[in-house]
Amino acid sequence: MVHVTTKIDRADKTAIDRLGAFSAATIHEAQGRKGALDSEIKPIDRDMSFCGTAFTVVCHPRDNIMLQVAISYAQPGDVLIVSSGDQPAGQFGDVLANACVARGISALVTDGGVRDSREIRELGFPVFSKHVCIEGTVKESLGPVNQPLVFGGQIIYPGDVVKGDCDGVVVVRRDEVQFAIDASRDRDAAEAAYIERYKKGETPIQVSNLAQVLEAKGLTVDQ
């Protein structure tokens, strides 16, 4: 069994940067309301955001040896997707965050826990986690790096593109990035048009063409 797969197909960096210009919510809606990770996975600082290539790793609960392995093999622009059994243990802190920055890694997303959150915020390295916890971890059990995994309610393949911001995290299949870019651009343009109509005095019922729908449902108004 090979534990570490180093050769994965990545999306074009220019395409990743273009996708990253859109919010996670916009991308999620634009690509058909899919790809949203567990809403409990949030940034340790709401101003943190990222967009990069999924570099997956499975850690045993309360164990971070494979996370350290993954950091050692990840390439600049990669996002570490760390599956660790939803355990509130501090498997990642400021020392490893500095290692990530030094290697050009874009972000870390984990269903486990992190600590040294103040130092990580000051460093400016994007970290999205389910838990913040001071408890330590061991370095014992091997696991797979860059294998498909179920994470945050989604299947993530190495090389998928991942976008995170203050609202959450969304994953886009590598071969669907251009579609997601085009659809997100169209959605942003449509929403900008809605906002202009609101500013001119129209109501949500008018803008969203809800009058007939509401009438069919039997909505009554006391006027």
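Figure 1. At 0% relative accessibility, C100 counts as buried. In this predicted model, C100 takes part in no disulfide, and the nearest cysteine sulfur, that of C59, is 12 Å away. C51 is also classed as buried, with a relative accessibility of 17%. The closest cysteine sulfur to that of C51 belongs to C166, and at 15 Å it is too far for a bond. A disulfide is a covalent bond between the sulfur atoms of two cysteines. With a cut-off of 2.5 Å between sulfur atoms, the count comes to 0 disulfides.

**Figure 2. The whole chain, for orientation.** Before we zoom in again, here is the setting. The protein chain has 8 helices and 10 strands. Its C-alpha atoms fill a box of roughly 70 × 35 × 35 Å along the principal axes. Of the 223 residues in the chain, 41% count as buried.

**Figure 3. Strand 2 and its two pairing partners.** Strand 2 covers residues 50-58, and 8 of its 9 residues are buried. What joins strand 2 to strand 9, and in which sense do the two run? There are 4 bridges between them, and the strands run antiparallel. In this pairing, F50 stands opposite G164 of strand 9. Strand 2 also pairs with strand 3 (residues 78-83), here in the parallel sense and over 6 bridges. Two places to look for in the view are F55, which stands opposite L80 in strand 3, and V58, whose bridge partner in strand 3 is S83.

**Figure 4. Two aromatic pairs.** The structure holds 2 aromatic pairs. In one of them, the ring centres of F50 and F128 are 5.1 Å apart and the planes meet at 85°, so the pair is edge-to-face. F50 belongs to strand 2 and F128 to strand 6 (residues 127-132), so this contact ties together parts that are 78 residues apart in sequence. Are these two phenylalanines buried or exposed? Both F50 and F128 are buried. F92 and F125 form a tilted pair, with 6.1 Å from centre to centre and 35° between the planes. This pair also links distant parts of the chain: F92 lies in strand 4 (residues 90-92) and F125 in the loop between helix 5 (117-123) and strand 6, 33 residues apart. F92 and F125 are both buried.

**Figure 5. A salt bridge within helix 1.** The structure holds 15 salt bridges, and this view shows one of them. D17 and K13 form a salt bridge in which the closest N and O atoms are 2.9 Å apart. Both residues lie in helix 1 (residues 13-20), 4 residues apart, which is about one turn of the helix. K13 is exposed, with a relative accessible area of 58%, while D17 counts as partly exposed at 43%.

**Figure 6. Salt bridges between distant parts of the chain.** The side chains of E176 and K34 meet in a salt bridge, at 3.2 Å from N to O. E176 sits in the loop between strand 10 (168-172) and helix 6 (177-199), and K34 in the loop between helix 2 (24-30) and strand 1 (42-43), 142 residues apart. Both are partly exposed: E176 has a relative accessibility of 24%, and K34 has 37%. A further salt bridge joins K130 to D38, with the closest N and O atoms 3.1 Å apart. K130 is in strand 6 and D38 in the loop between helix 2 and strand 1, 92 residues apart. D38 is partly exposed, with a relative accessible area of 24%.

**Figure 7. A nonpolar patch on the surface.** V150, I155 and Y157 make up this patch, with about 280 Å² of accessible area together. Y157 lies in the loop between strand 8 (154-156) and strand 9 (161-165). With a relative accessible area of 35%, Y157 is partly exposed.

How values were computed:
Residues are numbered from 1 along each chain as its sequence is written. This is a predicted model: local features need pLDDT of at least 70, side-chain atom pairs count only at pLDDT 80 or more; totals for chains, interfaces and linings use all residues. Side-chain values use heavy atoms; hydrogens and water are left out. Rings of Phe, Tyr and Trp (its six-membered ring) pair if their centres lie within 6.5 Å; planes under 30 degrees apart count as stacked, over 60 as edge-to-face and the rest as tilted. Buried means under 20% relative accessible area, exposed over 50%, partly exposed in between (1.4 Å probe, protein chains only). Patches are made of residues with over 30% relative accessible area and no salt bridge: like charges are joined within 9 Å, nonpolar side chains (Val, Leu, Ile, Met, Phe, Trp, Tyr) within 5 Å. Accessible areas come from the Shrake-Rupley method with a 1.4 Å probe; for residues, only the protein chains shown count as cover. A salt bridge is a side-chain nitrogen of Lys or Arg within 4 Å of a carboxyl oxygen of Asp or Glu. Two strands pair if DSSP finds at least two bridges between them.
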